[in-house]
Amino acid sequence: MSTTPLPGDGIGISIDELPVRDELRGKSPYGAPQLDVPVQLNTNENPYPLPDELVERITERVREAARGLNRYPDREAVELRTALAAYLSRTGKHPLTTANVWAANGSNEVIQQLLQAFGGPGRTAIGFEPSYSMHGLIARGTGTGWLSGPRDDDFTIDVTASVRAVAEHRPDVVFITSPNNPTGTAVDADTVLALYEAAQAQKPTLVVVDEAYVEFSHRPSLLPLIEGRPLLVVSRTMSKAFGAAGLRLGYLAAHPAVVDAVQLVRLPYHLSAVTQATALAALEHTDTLLGYVDQLKAERDRLVVELRALGFEVTDSDANFVQFGRFEDAHAAWQRILDQGVLVRDNGVPGWLRVTAGTPSENDAFLDAVRDLKKEQSA
Ligand SMILES: *Cc1c(COP(=O)(O)O)cnc(C)c1O
C-alpha cells in the first residue's frame with residue numbers, strides 16, 4: 001500500500017501503521033482490475049449502452065429532481081420501492097407491495113445492511129464457495145464471522161453436505177447465490193427449502209438468496225419462496241440484466257418485518273434524489289432494458305458451445321458469464337488473454353477463469369484470443 005506524506009508535516013505513514021481493526025490488517029480491498037483495454041469482459045456488465053430514449057427520460061427526471069436538491073431525498077424511497085414492487089409482481093408472478101421491498105446503493109449495500117442488522121460481532125454468516133467474494137468481504141467489514149460451506153466438484157450445492165454444514169456451524173445468516181458467481185450454477189428450490197428448514201431448526205436464521213443474475217437463468221426466480229417464510233430474503237440488482245451498473249441500485253424482497261429491520265441500520269437519506277430519479281426512469285423502460293437479455297443468453301450459449309469445441313472444460317451457466325478451464329496456471333492464462341486486448345476475470349478459483357458474455361464482436365475477439373492460447377498449450 002502507498003506511503004503518502006501528509007501535506008505539511010513531511011511524515012510518511014502506511015496503512016500498516018494505522019490503528020485499523022485487527023481483522024482488517026494485511027487485507028486487500030475488493031479489486032476487479034479496471035483496465036483500459038479494447039474488450040472488457042470481466043465484471044458481468046451488460047455491454048450495450050443505454051438507449052437514447054432512456055437517456056432522454058433520465059435527463060428529464062434528473063432535471064426535475066435537481067430543482068429539489070436543496071432538500072433531503074425521500075428517506076424511505078416510497079415511489080421507487082412501489083415501482084420495484086410492481087416490476088417484481090409483474091415478472092416474478094408473485095404479488096408484492098411497497099412494504100415488501102427495500103432499495104439501496106447496489107445490492108452490495110443491501111447485503112451490508114442485512115449483515116449489519118442480522119450479523120455483526122459474535123455472529124456468523126455462511127456461503128457455499130466458490131461464490132461471490134463480496135459476501136465474505138462485507139461480513140468482514142461488518143464484524144460478522146465468515147464460514148466457507150462446501151460445493152461439489154461440478155460446483156453445484158450438495159443438499160446433504162450443505163445441510164450438514166449449516167447444522168454443524170449454526171450460522172446466523174446463510175447466503176445462497178443463484179445463479180452463482182463465478183460458476184454460473186443455478187440452485188433449485190428444493191435445495192433452498194432444505195437449507196432454510198435446516199437453518200431454522202437450529203435457531204431463527206436469515207437466509208439470503210442473491211439473485212443478481214436471475215434474469216439470465218433457465219430457472220424461474222425463487223422469489224415466490226418468501227411467501228410464509230419471514231426469514232427468506234431475495235436480493236436483486238439493476239447492475240446486470242438491467243444494464244445499469246453505473247446507477248448503483250440494488251433491492252430486496254422479503255417480509256415487511258425484514259424491511260423494518262434494515263431501516264434500523266441504514267444511513268438516513270442513503271439513496272440520493274438523483275439515484276431515485278434515475279432508477280425510476282429506468283424502471284419505465286424495463287422492456288427495452290431487458291430486451292438485451294435474450295441476445296446475451298444466446299451469446300452465453302454460443303460461448304459455452306465454442307469453448308467446449310476448442311477443448312476447454314466449461315461449467316453449465318445460468319448467468320451472463322461462463323466459467324472455463326482448466327488451466328495449470330489460471331493467472332498466467334489470464335495474462336496471455338489480456339496481452340491480446342481481452343480482459344477476463346481471474347476469481348482465484350484454481351484452474352478456472354470467467355468470461356462475461358459481451359457483444360458478438362467482443363465475444364469473437366475473446367474466442368480468437370483463447371484459440372491462440374489453446375494452440376500454444378498443445379504446441
Ligand atoms: C454483481 C453482483 C452483485 C451486484 O452488486 P451491485 O452492488 O448491485 O452492483 C450482487 N451479487 C452478486 C452475486 C453479483 O455477482
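Which residue's side chain meets that of Glu299 in a salt bridge? I looked it up: the partner is Arg302, at 2.9 Å from N to O. A salt bridge here is a side-chain nitrogen of Lys or Arg within 4 Å of a carboxyl oxygen of Asp or Glu.

**Ground rules**

I am working on a predicted model, where local features need pLDDT of at least 70, side-chain atom pairs count only at pLDDT 80 or more, and totals for chains, interfaces and linings use all residues. Residues are numbered from 1 along each chain as its sequence is written, and side-chain values use heavy atoms, with hydrogens and water left out.

**Salt bridges**

I placed Glu299 and Arg302 in helix 10, three residues apart, about one turn of the helix. Helices (H or I, at least four residues) and strands (E, at least two) are DSSP runs, numbered from the N terminus. Next I checked burial. Buried means under 20% relative accessible area, exposed over 50%, and partly exposed in between (1.4 Å probe, protein chains only). Glu299 has 11%, so Glu299 is buried. Arg302 has 21%, so Arg302 is partly exposed.

I found 17 salt bridges in the structure. One of them joins Glu79 to Arg61, with the closest N and O atoms 3.5 Å apart. Glu79 is in helix 2 and Arg61 in helix 1, 18 residues apart. Arg61 counts as buried because its relative accessibility is 15%. I also noted a network of salt bridges that links Arg57, Glu60, Arg61, Glu79 and Glu284.

Lys203 and Asp172 form another bridge, with 3.1 Å between the closest N and O atoms. Lys203 is in the loop between helix 6 (189–202) and strand 8 (206–210). Asp172 is in the loop between helix 5 (159–169) and strand 7 (173–177), 31 residues away. Lys203 is partly exposed at 24%, and Asp172 is buried at 12%.

**Rings**

I searched the whole structure and got ten aromatic pairs. Rings of Phe, Tyr and Trp (its six-membered ring) pair if their centres lie within 6.5 Å; planes under 30 degrees apart count as stacked, over 60 as edge-to-face and the rest as tilted. Tyr48 and Tyr292 are stacked, 4.6 Å centre to centre with 10° between the planes. Tyr48 lies in the loop between strand 3 (39–40) and helix 1 (52–67) and Tyr292 in helix 10, so this pair ties together parts that are 244 residues apart in sequence.

Is the pair of Phe312 and Phe327 stacked or tilted? Their centres are 5.9 Å apart and their planes at 50°, so the pair is tilted. Phe312 counts as buried at 5%, and Phe327 is buried at 5% too. Ring pairs link Phe312, Phe324, Phe327 and Phe366 into a cluster.

I then looked for charges over rings. The cut-offs are NZ of Lys or CZ of Arg within 6 Å of the ring centre and within 35 degrees of the ring normal. Lys374 sits over the ring of Phe312, 4.3 Å from its centre. Arg354 lies over the face of Phe321, 5.4 Å from the ring centre.

I traced an open sheet of three strands, in the order 11-12-14, with antiparallel pairing. Two strands pair if DSSP finds at least two bridges between them. Strand 11 (313–314) and strand 14 (352–356) are the edges, each pairing on one side only. Two bridges join strand 11 to strand 12 (residues 321–325). Glu313 has Gly325 in strand 12 as its bridge partner.
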